[in-house]
Amino acid sequence: MATSHPLSHYIELHLRLDPEVAPTHLLAALYTRLHRALAAQGTTSIAVSFPDYSAERHTLGERLRLHGSEADLQPWATGEWLGSVRDHVNATPLLPVPAD
């Protein structure tokens, strides 16, 4: 099921900013949707990171990454789990983690 490294790939989800909705609210909606989908599937092999996190600015930023093996992330690459949040997110395809 997993490739040689359990966190060999990732999918990046970037918020599409909306002048009527604060980025923090969009990120909260995205994370809530993700949490519910992971729990419904019983998934424990996917990690989440916030590449734009800033302690100084007190923000998680506007991007979220899902990390896992290629096989584990494949079902999440379709974006079907996003539901109505899909209109507020740009998602990359499934990408290998850079060697560096």
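**Entry 1: salt bridges**

I began with the charged side chains and counted three salt bridges, taking a salt bridge to be a side-chain nitrogen of Lys or Arg within 4 Å of a carboxyl oxygen of Asp or Glu. I note that this is a predicted model, in which local features need pLDDT of at least 70 and side-chain atom pairs count only at pLDDT 80 or more, while totals for chains, interfaces and linings use all residues. Residues are numbered from 1 along each chain as its sequence is written, and side-chain values use heavy atoms, with hydrogens and water left out.

I looked up R63 and E12, which form a salt bridge whose closest N and O atoms are 3.1 Å apart. This pair links distant parts of the chain, with R63 in strand β3 (residues 63–68) and E12 in strand β1 (residues 9–15), 51 residues apart; for these names, helices (H or I, at least four residues) and strands (E, at least two) are DSSP runs numbered from the N terminus.

I then found that R65 also forms a salt bridge with E12, the closest N and O atoms being 2.5 Å apart. Here too distant parts of the chain are linked, R65 lying in strand β3 and E12 in strand β1, 53 residues apart.

The side chains of D52 and R63 meet in a salt bridge at 2.7 Å, N to O. D52 sits in the loop between β2 (47–49) and β3, and R63 in strand β3, eleven residues apart. I therefore wrote down E12, D52, R63 and R65 as linked in a network of salt bridges, each link meeting the 4 Å rule.

**Entry 2: how covered the network is**

I next checked accessibility, where buried means under 20% relative accessible area, exposed over 50% and partly exposed in between (1.4 Å probe, protein chains only). E12 counts as buried because its relative accessibility is 13%, and R63 counts as buried because its value is 19%. R65, at 23% relative accessibility, counts as partly exposed, and D52, at 28%, counts as partly exposed.

**Entry 3: strand pairing**

Which way do β1 and β3 run relative to each other? I found that they run antiparallel, joined by six bridges, and I counted two strands as paired if DSSP finds at least two bridges between them. Along this pairing H14 stands opposite R63 in β3, and H9 stands opposite G68 in β3.

β1 also pairs with strand β5 (residues 95–96) in the antiparallel sense over two bridges, Y10 standing opposite L95 in β5. Three bridges join β1 to strand β4 (residues 89–91), again running antiparallel, and the bridge partner of H14 in β4 is N90. I recorded β1 as mostly covered, with six of its seven residues buried, and β3 as mostly covered, with five of its six residues buried.

β2 and β3 pair in the antiparallel sense over three bridges, with V48 opposite L66 in β3. V48, found in strand β2, counts as partly exposed because its relative accessibility is 29%; its C-alpha atom is separated by 9.6 Å from that of L34, 14 residues apart along the chain.

**Entry 4: a residue in the loop**

In the loop between β2 and β3 I looked up H58, whose phi is near 55°, a positive value in a residue other than glycine. H58 counts as exposed because its relative accessibility is 73%.

**Entry 5: the nonpolar core**

I took a nonpolar core as a set of buried Ala, Val, Leu, Ile, Met, Phe, Trp, Tyr and Cys residues joined through side-chain atoms within 4.5 Å. The largest one has 19 residues, of which I11, L13, L30, L64, L66, W76 and W81 touch the most other members. The elements giving two or more residues to this core are β1, α1 and β3, and α1 gives the most, with six residues.

**Entry 6: the largest pocket**

A pocket here is an open set of points on a 1 Å grid over the protein atoms alone where a 1.4 Å probe fits, with protein on both sides within 12 Å along at least five of seven lines, and lining residues have an atom within 4 Å of a point. Ten residues line the largest pocket, and Q41, T43, D72, P75 and W76 lie nearest its centre. α1 (23–41) and α2 (70–73) each supply at least two residues of that lining.
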